[in-house]
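Good morning, colleagues. Please take a moment to look at the sequence and the structure on the screen, and then we shall discuss aromatic pairs and helix packing.

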Amino acid sequence: MKACPLLFWFLLASFMPFIGVMMTNYLHPIYITDVLKEDSSVYGIQSMVYGIGAALAGAVVPLLLRRIGTEISITITVFMYAMAMTMFLFVKNTWIFYLLVSITAFGNAATRVARSSLMMERIPNEKIGRVDSLFRAFGFLIRSALLSVFTGLVSLEHVLIPYAILSGLLIISGLLVLRTGESVKKEQFHLTG
């Protein structure tokens, strides 16, 4: 990855929706209780809605990849996820919450499929395991840091601050994907050696 820094940053930034999902698995139950003032049935329905959004992504992503390309698909879906995450800061309605959950599910699943496709295209088979492990290690470190911060904030009854932090990180990731995506596409990096 040292030989391809733009590809590294592009792939790392496109990994952020998955980290966002891991964090919202912790935050959504608290959000439902504290912000929406709803019960556990909303959490159950939210899980079902998430599954529908993810399944829809599985059906749509192959069409996106063929029509507009991998890098542009990743950019669109990362921004889709980031914008939906930002909207959680303003939502007090359960039905809009469900809509945002389905958009985040679509954005995360679509990004992961497109990102995996890009990695398989660009990274040689003998290196893909090490590259994937590198991003999983970075993801684990980021998740651990965010979880420790979010746990402290939630214990102080500030559940919207973690959503604001996630939103900021995802917008930065979206901008990074946008900035590096065109270069990654033009230069057609291939790891060698």
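Let me begin with a question: are Phe15 and Phe18 buried or exposed? In this predicted model, both Phe15 and Phe18 are buried.

I turn next to the aromatic rings. A pair of aromatic rings is described by the distance of the centres and the angle of the planes. The count of aromatic pairs comes to 11. One of them joins Phe15 and Phe18, with 5.4 Å from centre to centre and 50° between the planes, a tilted arrangement. For Phe97 and Tyr98, the ring centres lie 6.1 Å apart and the planes stand at 50°, so this pair is tilted. Phe97 and Tyr98 are both buried. Phe97 and Tyr98 also belong to a cluster, linked by ring pairs, that includes Tyr31, Phe88, Trp95 and Tyr163.

I now come to the helices. Two packed helices are described by the angle between their axes and the distance between the axes. Helix α2 covers residues 16–34 and helix α4 covers residues 70–87; the two pack at an angle of about 30°, and their axes are 10 Å apart. Angles under 35 degrees count as roughly parallel, and α2 and α4 are therefore roughly parallel to each other. Their crossing is left-handed.

Which residues of α2 and α4 meet? From α2 come Pro17, Gly20, Val21 and Thr24, and from α4 come Val78, Tyr81 and Met85. Of the residues in this contact of α2 with α4, five are nonpolar, two are polar and none is charged.

Thank you for your attention.

Technical notes: Residues numbered from 1 in each chain as written. Predicted model: local features only at pLDDT ≥ 70, side-chain atom pairs only at ≥ 80, totals over all residues. Heavy atoms only, no water. Axes fitted to C-alpha atoms, helices over the stretch in contact; angles between N-to-C directions. Helix = DSSP H or I, 4+ residues; strand = E, 2+ residues; numbered from the N terminus. Parallel < 35°, antiparallel > 145°, perpendicular 65-115°, else oblique. Left-handed = near helix turned anticlockwise from the far one by under 90°. Contact = heavy atoms within 4.5 Å. Nonpolar A, V, L, I, M, F, W, Y, C, P; charged D, E, K, R; others polar. Phe/Tyr/Trp six-rings, centres within 6.5 Å; stacked < 30°, edge-to-face > 60°. Buried < 20%, exposed > 50% of the residue type's maximum accessible area, 1.4 Å probe, protein only.
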